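Subject: Structure handover and findings

Dear colleague,

Please find the structure below, followed by an account of what was found in it.

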Amino acid sequence: MFCYVYFLYSKKRQQFYVGVSNDVTDRLKRHNNGESLSTKSGMPWMLMHTIVCADKSAAMLLEVKIKKRGISRYLSDIGIDTGL
């Protein structure tokens with residue numbers, strides 16, 4: 001089953017967030033309803049980009065790689081404009 005790596009941005013915190021989900025729309029709603037402790041203070045979050053992975057394991061490995069590289073830097077590397 002496909003899984004997604006998703007990238008969010010908070011103007012309030014001027015910060016990116018990366019996560020993994022099989023339902024990005026529902027996950028974004030939960031982030032913006034304050035249901036995630038780590039993102040509660042940055043609401044509202046906007047979806048910047050998603051990457052489709054073959055399964056959750058592949059998505060989680062990619063998420064770790066992105067966090068090690070730095071979210072903003074990774075997005076720039078793949079051609080996503082982060083100059084908000």
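Contact here means heavy atoms within 4.5 Å. By that criterion, and not counting residues up to four places away in sequence, Ile80 touches His49 and Leu75.

Two remarks on the source come before the rest. This is a predicted model, in which local features need pLDDT of at least 70 and side-chain atom pairs count only at pLDDT 80 or more, while totals for chains, interfaces and linings use all residues. Residues are numbered from 1 along each chain as its sequence is written, and side-chain values use heavy atoms, with hydrogens and water left out.

Overall fold

The protein chain has three helices and three strands; these are DSSP runs numbered from the N terminus, with helices being H or I of at least four residues and strands E of at least two. Read from the N terminus, the order of elements is β-β-α-β-α-α. The radius of gyration of the protein chain is 12 Å, close to the 12 Å from the globule rule for 84 residues, so the chain is as compact as a globular protein of that length. That radius is taken over C-alpha atoms, and the rule is 2.2 Å times the number of residues to the power 0.38. Along the principal axes, the C-alpha atoms fill a box of roughly 30 × 25 × 20 Å.

Of the contacts in the protein chain with a separation of 6 or more, 58% are between residues 24 or more positions apart. The chain exposes about 5,300 Å², of which carbon and sulfur atoms supply 52%; accessible areas come from the Shrake-Rupley method with a 1.4 Å probe, and for residues only the protein chains shown count as cover. Buried residues make up 35% of the 84 in the protein chain, where buried means under 20% relative accessible area, exposed over 50%, and partly exposed in between (1.4 Å probe, protein chains only).

The nonpolar core

A nonpolar core is a set of buried Ala, Val, Leu, Ile, Met, Phe, Trp, Tyr and Cys residues joined through side-chain atoms within 4.5 Å. The largest one has 14 residues, and those with the most contacts inside it are Val5, Phe7, Ile51, Leu62, Ile66 and Ile71. At least two residues of this core come from each of strand S1 (3-10), strand S2 (15-21), strand S3 (45-53), helix H2 (56-69) and helix H3 (71-77). S1 gives the largest share, four residues. In soluble globular proteins, nonpolar side chains tend to be buried together.

Val5 illustrates the packing. Cys53, in strand S3, is buried, with a relative accessible area of 9%. Leaving aside neighbours within four places in sequence, Cys53 is in contact with Phe2, Cys3, Val5, Ala58, Ala59 and Leu62. The C-alpha atoms of Cys53 and Met1 are separated by 8.9 Å, although these residues are 52 apart along the chain.

The loop between H1 and S3

Several local features fall in the loop that joins helix H1 (24-32) to S3, where Gly34 has its place. Gly34 counts as buried because its relative accessibility is 17%. Leaving out residues up to four places away in sequence, Gly34 touches Lys40 and Met43. Asn33 also has its place in this loop, but Asn33 is exposed, with a relative accessible area of 54%.

Pro44 is found in the loop as well, and a cis peptide bond, with omega about 0 degrees, joins Met43 and Pro44. From C-alpha to C-alpha, Pro44 is 9.1 Å from Gly34 and 8.5 Å from Asn33.

Thr39 lies in the loop between H1 and S3 and, at 0% relative accessibility, counts as buried. Setting aside neighbours within four places in sequence, Thr39 is in contact with Arg13, Tyr17, His31 and Trp45.

Other sites

Gln14 lies in the loop between S1 and S2. Its phi is near 50 degrees, a positive value in a residue other than glycine. At 65% relative accessibility, Gln14 counts as exposed.

Ile80 is found in the segment after H3 and is partly exposed, with a relative accessible area of 21%.

Yours sincerely
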